[in-house]
Amino acid sequence: MLIKKPADIPSSEITSKSVYLNRRRFIAGAAVAGAAAATAFAFRELGSPSLVTQANAKIDGLQKSPFSTTETQTPFKDVSNYNNFYEFSTDKYEPAGLAKNFKTRPWVVTIDGLVKKKQELDVDAIIKMAAPEERIYRHRCVEGWSIVVPWVGFSLSELVKRAEPLSKAKFVEFTTLYDPKQMPGQRVPVLKWPYVEGLRMDEAMHPLALLCFGMYGEGLPNQDGAPLRIVIPWKYGFKSAKSIVRIRFTEEQPMNSWQLATPNEYGFYSNVNPSVDHPRWSQAKERRLGEFLKRPTLMFNGYDQVASLYSGMDLKKNF
């Protein structure tokens, strides 16, 4: 009999957390009523804002965005308890607990490289640069699962323009915090730390690219990338760098962390493309978090507005 090891099992094949917990609660109830009560209490605590947010204040003055999808939103408890955040853990259910006491203030973001205005900005000053928008975006992860989240932020282009990039600047590189004391996942060399991602300049300037500091009308939970992240909805989720501390403008294409780790599996562009499979699984279908049935994966995750950015490119070669 062939037994799969955890590393061999795609996330898309893993039973959803709610089903798993309900099954555990049923089994415990059949054995001992007291154990069932304890499990139910643990489930309530897991989904409670007290665990998954750190005093996140409501964000006032939110504007509705014309970019938003009308699809049903994924419940907050699912988005905030199932996270790809390797800086804390490779297990998707652990970051919520491990990031509970993560300190996001004070927080300074360095902006440098090929720009006229090199600077160090307090994250709260960045957040106040433009009126906040709520954008309900589809978000597709490379492992085969997806979510629909009301992110809060403003177009990344607002920050880029204020930095005044030089004509030689062709790319934008994002570096996340390196702090193994707070981020236990960085004590393991799963990737070369700190985590680095990048975009071509025209991608960063596209109005769909979001500089994000909240979701569901509140500040970002720690495990979802607090206090500042980007959201690039037409690309696979790992392109949306979390907990950013540096934004650097370069002439040469940055080497992003996953491309450096496994270049045959993760390219620089990482556009959602159902016709380009991951070497170890198909990308033709996806499973929405909290749902059972799979649905077809859409080219560019359904955001056809960005297709012109890649006109004439071989998207199987530039994956």
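This is a predicted model: local features need pLDDT of at least 70, side-chain atom pairs count only at pLDDT 80 or more; totals for chains, interfaces and linings use all residues.
Residues are numbered from 1 along each chain as its sequence is written, and side-chain values use heavy atoms, with hydrogens and water left out. Local features need pLDDT of at least 70 and side-chain atom pairs count only at pLDDT 80 or more, whereas totals for chains, interfaces and linings use all residues.

Strand β11 spans residues 244-250. Helices (H or I, at least four residues) and strands (E, at least two) are DSSP runs, numbered from the N terminus. Five of the seven residues of β11 are buried, so the strand is largely enclosed by the rest of the structure. Buried means under 20% relative accessible area, exposed over 50%, and partly exposed in between (1.4 Å probe, protein chains only). Strands β2 and β11 run parallel and are joined by four bridges. Here G113 has F249 of β11 as its bridge partner. Strand β6 (residues 171-176) runs antiparallel to β11, with six bridges between them. In this pairing, E173 is partnered by R248 of β11.

T110 lies in strand β2, residues 108-113. Its relative accessibility is 22%, so T110 counts as partly exposed. Contact means heavy atoms within 4.5 Å. Leaving aside residues up to four places away in sequence, T110 touches Q119, E120, V245, R246 and I247. V123 is 13 residues from T110 along the chain, and their C-alpha atoms are 10.0 Å apart.

Helix α7 covers residues 156-163, and its buried residues are L156, S157, L159, V160 and A163. Seen down the helix axis, these fall within an arc of 160 degrees, so they line one face of α7. The arc is that of the directions from the helix axis to the C-beta atoms. Just after α7, E164 takes a positive phi of about 55 degrees.

The largest nonpolar core has 67 residues. Such a core is a set of buried Ala, Val, Leu, Ile, Met, Phe, Trp, Tyr and Cys residues joined through side-chain atoms within 4.5 Å. W151, L156, F174, I230, W234, I247 and F249 have the most contacts inside the largest core. Strand β5 (residues 145-155) gives the most to this core, with six residues. A second, separate core has 10 residues, among them V142, L191, W193 and W258. In soluble globular proteins, nonpolar side chains tend to be buried together.

Definitions and conventions: Two strands pair if DSSP finds at least two bridges between them.
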